[in-house]
Amino acid sequence: MEEGADCVGDLYITADAGRLGAFQAKGMLQKAGWSKAIKNVVPSQFRSTQWTGIAKRARIIYYSPERVSANELNGMTYEGLADPKWKGRLVIRKSNNIYNQSLVASLVKNNGKNSTANWAKSVVGNMARTPKGNDRAQIMAVAAGEADIAVANTYYHALMLSGKKGAEQQEAAKKVMPFFPNQQDRGTHMNISGAGMLKHAPNKSNAVKLVEFLLTAEAQNHIVNNTFEYPMISGVSANDLVPGKDLSFKQDNKTSVKTYGAKQADALEVMLAAGWK
Ligand code: FE
């Protein structure tokens, strides 16, 4: 943003469609002219004219199988996080976190702002503690018995199970189970890592070629086995450690990830009004 027209970058590669959408809203991107090769492999709900997903992640619930019964989780949804039965049992990170802003933006889109404002108040009332820490810290809190359910992105659980974050986190990850919400209606909240075409990109056509390469099986295999995200293209398998690795769960294919930038201000507003730290 400081370099302006002097910026020699072509692509802005980052995590979360909410971040890409906010960057687009600041006028920092341009129409990319995505090729047929890109449009053919990236479903339309995972891209805009200015940016495109290159990998996927889900924001799901992790629970303690000792303290949460299958019956309690039956038909569980994001909306259900507001149920008073979870009082003092839920952990989730702060409202300034982009993953939460995108999740809540999807609720604003699907249920309306007023309904989501009420939802946020109930969710805050259900929290086991004032929000702190990253997604892995939420999983740690459930493993330690501080809470019964946590909201976290799928790749963090795999990262913990891999042992790359140490034995303590690996053991904690084994104590929780993944649950994919909203399987009976619109599906589980999905997000992306993606690439946007910078406004002053000096090598636009080569940038499109780079994105085409990132969407080949070769590059996708490298990405999913290092970030533990889901592949964006079909025909590539997620890493064995990732929950839902076979992608047999129902993904929300009704809510475009473009919504997350568009409803970001509403999402933050309802969370802050609810006292979500
Ligand atoms: Fe992350």
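Does R186 count as buried or exposed, and at what relative accessibility?

Mentor: R186 counts as buried, at 10% relative accessibility. Buried means under 20% relative accessible area, exposed means over 50%, and partly exposed lies in between, all with a 1.4 Å probe and protein chains only. Before we go on, please note that this is a predicted model, in which local features need pLDDT of at least 70, side-chain atom pairs count only at pLDDT 80 or more, and totals for chains, interfaces and linings use all residues. Residues are numbered from 1 along each chain as its sequence is written, and side-chain values use heavy atoms, with hydrogens and water left out.

We may now turn to the partners of R186. Side chains of opposite charge can pair when their charged atoms come close. The rule used here for a salt bridge is a side-chain nitrogen of Lys or Arg within 4 Å of a carboxyl oxygen of Asp or Glu. By that rule, R186 meets E79 in a salt bridge with an N to O distance of 3.0 Å. This pair links distant parts of the chain: E79 is in the loop between helix 3 (70-73) and strand 3 (90-91), while R186 is in the loop between strand 5 (177-179) and strand 6 (190-197), 107 residues apart. Helices (H or I, at least four residues) and strands (E, at least two) are DSSP runs, numbered from the N terminus. E79 is partly exposed, its relative accessible area being 25%.

R186 also forms a salt bridge with D252, where the closest N and O atoms are 3.7 Å apart. D252 lies in the loop between strand 7 (230-231) and helix 11 (259-262), so its pairing with R186 ties together parts that are 66 residues apart in sequence. D252 counts as buried, at 4% relative accessibility.

The next step is the domain arrangement. The chain is divided into domain 1 (4-56 + 191-253) and domain 2 (59-187 + 260-273), with bounds that come from an automatic or database domain assignment. Between the two domains the count is one salt bridge. The C-alpha centres of domain 1 and domain 2 lie 25 Å apart. Across the boundary, 20 residues of domain 1 are in contact with 23 residues of domain 2, where contact means heavy atoms within 4.5 Å. The size of an interface is often given as the accessible area lost when the parts come together. Here the buried area (accessible area, 1.4 Å probe, that two parts lose on being put together, summed over both) is about 1700 Å², with carbon and sulfur atoms giving 62%. On the domain 1 side, F228, P243 and K250 lose the most area to domain 2, together 34% of what that side buries.

D135 is in helix 6 (residues 135-143) and R59 in strand 2 (residues 51-63), 76 residues apart. D135 counts as buried at 0% relative accessibility, and R59 counts as buried at 2%. Elsewhere, a network of salt bridges links R67, E72, R89 and D148.

Finally, let us consider the metal site. Y99, Y155 and Y156 coordinate the iron ion through their OH atoms, at 1.9 to 2.0 Å. Donors are N, O and S atoms within 2.8 Å of the metal (3.2 Å for Na, K and Ca), and water is not among the atoms, so sites may look incomplete. Y99 lies in helix 4 (residues 98-111) and Y155 in helix 7 (residues 154-161), so this pair ties together parts that are 56 residues apart in sequence. Y99 counts as buried at 10% relative accessibility, Y155 is buried at 7%, and Y156 is buried at 13%. Ring pairs also link Y99, Y155 and Y156 into a cluster. Rings of Phe, Tyr and Trp (its six-membered ring) pair if their centres lie within 6.5 Å; planes under 30 degrees apart count as stacked, over 60 as edge-to-face and the rest as tilted.
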